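Take a look at the charged side chains of this protein. The text below walks through them.

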Amino acid sequence: MEANIHSTGRLPAAFLTPGSSSFMDFLGSHSPDLLPGNRRLPDGVVEAPHGTTIVAATFPGGVVLAGDRRATMGNMIAQRDIEKVFPADEYSAVGIAGTAGLAVEMVKLFQLELEHFEKVEGATLSLEGKANRLSTMIRSNLGMAMQGLAVVPLFAGWDEGREKGRIFSYDVTGGRSEEHGYAATGSGSIFARGSMKKLYREDLTEEQATTLVVQALYDAADDDSATGGPDLYRNIYPIVTVITDEGFRRLTDQESSEIARRVTDRRLQEPDGPRAALL
């Protein structure tokens, strides 16, 4: 793509008049090597940092999407403060689990895809449309996934048509499923899902929903070594985001730390967390 620009000193006409509202299709036509799924891998075993646990929960008025901060490389901690939750656009967000480098590239491409569509069409995609576009991107990475470099995100957002928050999960082939109430993905997802299954209610407030996802991440970290819990000594706390009819908002470090500290303080008395009623 850069060669086309430098040789003439100007952008080719095709760059100025794209024939598709899909930036991914446009990039695939002109510079397919830039697509994450088309990258060539070195010979031998590829060891790459992996992001771990992402959780989400809906509440009346919106949806919460959160992630822990640890990335692992085999049995080693590769990074303690990785960012795993990103805004996709004003009313949606993506949480990434899997191969960290490919996942971040995919998120950036997804952000461009949504922005490109809006500029070309003069309208935003529906939440269903956004979920479908992400599904296509994940499917295009199947070759990498078969070599162990999988990306398995959670997508959440505010559906303006239905006036509620919604959550979508994916498998490595791009298969998409809508989750109702709560969802989790990544290595600690089985423990996080079990935690939310017992604590989730449909009438949660926003504050209760943000506390719920932090509780779930704490439980995931308690049983999964690849998931990082709140690090009070280094001041590293889960990333917690909220999407409502007012748009995407990431909780400040102060807000996240207050929730994490309340959860941690309570665990000093109840190490296994709050109890759900039997009946």
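Glu90, Glu118, Glu160, Glu163, Asp245 and Glu246 form a surface patch of negative charge. Such a patch takes residues with over 30% relative accessible area and no salt bridge, with like charges joined within 9 Å. The model is predicted: local features need pLDDT of at least 70, side-chain atom pairs count only at pLDDT 80 or more, and totals for chains, interfaces and linings use all residues. Residues are numbered from 1 along each chain as its sequence is written, and side-chain values use heavy atoms, without hydrogens and water.

Glu246 is exposed at 71% relative accessible area (buried is under 20%, exposed over 50%, partly exposed in between, with a 1.4 Å probe and protein chains only).

The structure holds 18 salt bridges (a side-chain nitrogen of Lys or Arg within 4 Å of a carboxyl oxygen of Asp or Glu). One of them pairs Arg250 with Glu83, with 2.7 Å between the closest N and O atoms. Arg250 is in strand E14 and Glu83 in the loop between strands E5 (76-79) and E6 (85-89), 167 residues apart. Arg250 is partly exposed at 33%. Glu83 is partly exposed at 32%.

Glu113 and Arg133 also form a salt bridge, at 2.7 Å from N to O. Glu113 lies in helix H4 (residues 100-121) and Arg133 in helix H5 (residues 127-140), so the pair ties together parts 20 residues apart in sequence. Glu113 is buried, at 1% relative accessible area.

Key
Patch = residues over 30% accessible without salt bridge, like charges linked within 9 Å, V, L, I, M, F, W, Y side chains within 5 Å. Areas by Shrake-Rupley, 256 points an atom, 1.4 Å probe, with all protein chains shown as cover. Lys, Arg positive; Asp, Glu negative; His and termini not counted. Charge placed at Lys NZ, Arg CZ, Asp CG, Glu CD. Helix = DSSP H or I, 4+ residues; strand = E, 2+ residues; numbered from the N terminus.
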